[in-house]
Structures are given as structure tokens and as C-alpha cells.
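User: Hello! I am new to this protein and would like a guided tour. Could you take my questions one at a time?

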Amino acid sequence: MEISSVIPPGRRMIDGYQPGGFRIAGELHQGPMLVWPEGEAPWPIGRIEDLALADLDPVKRIEPPVEVLLIGCGPRMVLLPSALRRQIREAGIGMDAMDTGAACRTYNVLISEGRRAAAALIPV
């Protein structure tokens, strides 16, 4: 699926997503990914059901800090366990979980508005 948006200079945008991977700033990446305005990195998580607070440690190290983390759960939105949602809030991370397509589109909108967002994405 292609995604188009206004790209602010120096920002990493998600150009598209497909089964198994993503195209970020023109480069193809396979597997789960973390994306933020200045970069991207592989995200070593197999399934959204296995997500633990420690899997979000790289997000806490992003400088300047992000305002919101979008979690792309794969082809469908998955309700994260309430204990994990509480832990994420207590860690100071604002987050929203949704299907991966919605997370990619929302990330691009927030970045085009100049917001500090990051996306943790499981492929569709």
C-alpha cells in the first residue's frame, strides 16, 4: 500500500507497507520496525501478543523525546493488556495501539504537522 504525504526536510516518513515489511524514506525494510523523525531501527519482537515494557526501551532513548508512540499491531488492532498499558503510561510513554496501516498513516500525519511521534510496527 502506498502512502503519500508532505515530507518535512530531514524527517523519516513511511512511504508504504506490505506483507512482511515497510518502505521508509525510500528504503525497503523487512520485519518489525521502530520509526521516529530522525531514524529507524529493526524492532526485535515477533508478535504483538509478546510485547513487554522492555521492548519499548529504545523509544525511551530517542532524543529529543517523542510525544506519542503509535503501536502498529499487524493486520488488526489488538487490545494490549491493561497491566501493560498502565506500565507504559507509568514509564512516561504516551501511546496508541491500532492496526499497522492506520499506525503508518497516523505517524505520517503527525510528522507532517511537526509533532514528535514514533511508530513501533509489526508487519501486516
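## Charges, fold and local details

User: How many positive and negative side chains does the protein have, and how far apart do the centres of the two sets lie?

Analyst: Happy to start there, with the reminder that this is a predicted model. The protein has 13 positive and 15 negative side chains. The centres of these two sets are separated by 4 Å.

User: How many salt bridges does a search of the whole structure find?

Analyst: A pair counts when a side-chain nitrogen of Lys or Arg is within 4 Å of a carboxyl oxygen of Asp or Glu. Searching the whole structure in this way, the number of salt bridges found is eight.

User: Which residue forms a salt bridge with Glu49, and which one meets Asp50?

Analyst: Let us take them in turn. For Glu49, the closest N and O atoms of the bridge are 4.0 Å apart, and the partner is Arg47. Asp50, partly exposed because its relative accessibility is 41%, has a salt bridge at 3.3 Å, N to O, and the partner is again Arg47.

User: Is Arg47 buried or exposed, or something in between?

Analyst: Buried means under 20% relative accessible area and exposed means over 50%. Arg47 has 46% relative accessibility, so it counts as partly exposed.

User: What separates Lys60 and Asp57 along their helix?

Analyst: These two side chains form a salt bridge, with the closest N and O atoms 3.2 Å apart. Lys60 is partly exposed at 40% relative accessibility, and Asp57 is partly exposed at 29%. Both sit in helix α1, which covers residues 57-60, and because they are three residues apart there, the separation is about one helical turn.

User: In what order do the helices and strands run from the N terminus?

Analyst: The protein has three helices and eight strands. Reading from the N terminus on, the order is β-β-β-β-β-α-β-α-β-α-β.

User: What is the radius of gyration, and what would a compact globule have?

Analyst: The C-alpha trace spans about 35 × 30 × 20 Å along its principal axes. For 124 residues, a compact globule would have a radius of gyration near 14 Å, so the protein agrees with that at 13 Å.

User: Is His29 buried or exposed?

Analyst: His29 lies in strand β3, residues 27-30. Leaving aside residues up to four places away in sequence, His29 touches Gly20, Gly21, Phe22, Ile24 and Glu40. Its relative accessible area is 15%, so His29 is buried.

User: What is the phi of Ala25?

Analyst: Most residues other than glycine have a negative phi. Ala25 is in the loop between β2 (21-24) and β3, and is partly exposed because its relative accessible area is 33%. Although not a glycine, Ala25 has a positive phi of about 50°.

User: Is the peptide bond from Glu63 to Pro64 cis or trans?

Analyst: Most peptide bonds are trans. Pro64 is found in the loop between α1 and β6 (68-72). With omega near -10°, the bond from Glu63 to Pro64 is cis.

Notes. Residues numbered from 1 in each chain as written. Predicted model: local features only at pLDDT ≥ 70, side-chain atom pairs only at ≥ 80, totals over all residues. Heavy atoms only, no water. Helix = DSSP H or I, 4+ residues; strand = E, 2+ residues; numbered from the N terminus. Rg over C-alpha atoms; globule rule 2.2 N^0.38 Å. Lys, Arg positive; Asp, Glu negative; His and termini not counted. Charge placed at Lys NZ, Arg CZ, Asp CG, Glu CD. Buried < 20%, exposed > 50% of the residue type's maximum accessible area, 1.4 Å probe, protein only. Contact = heavy atoms within 4.5 Å.
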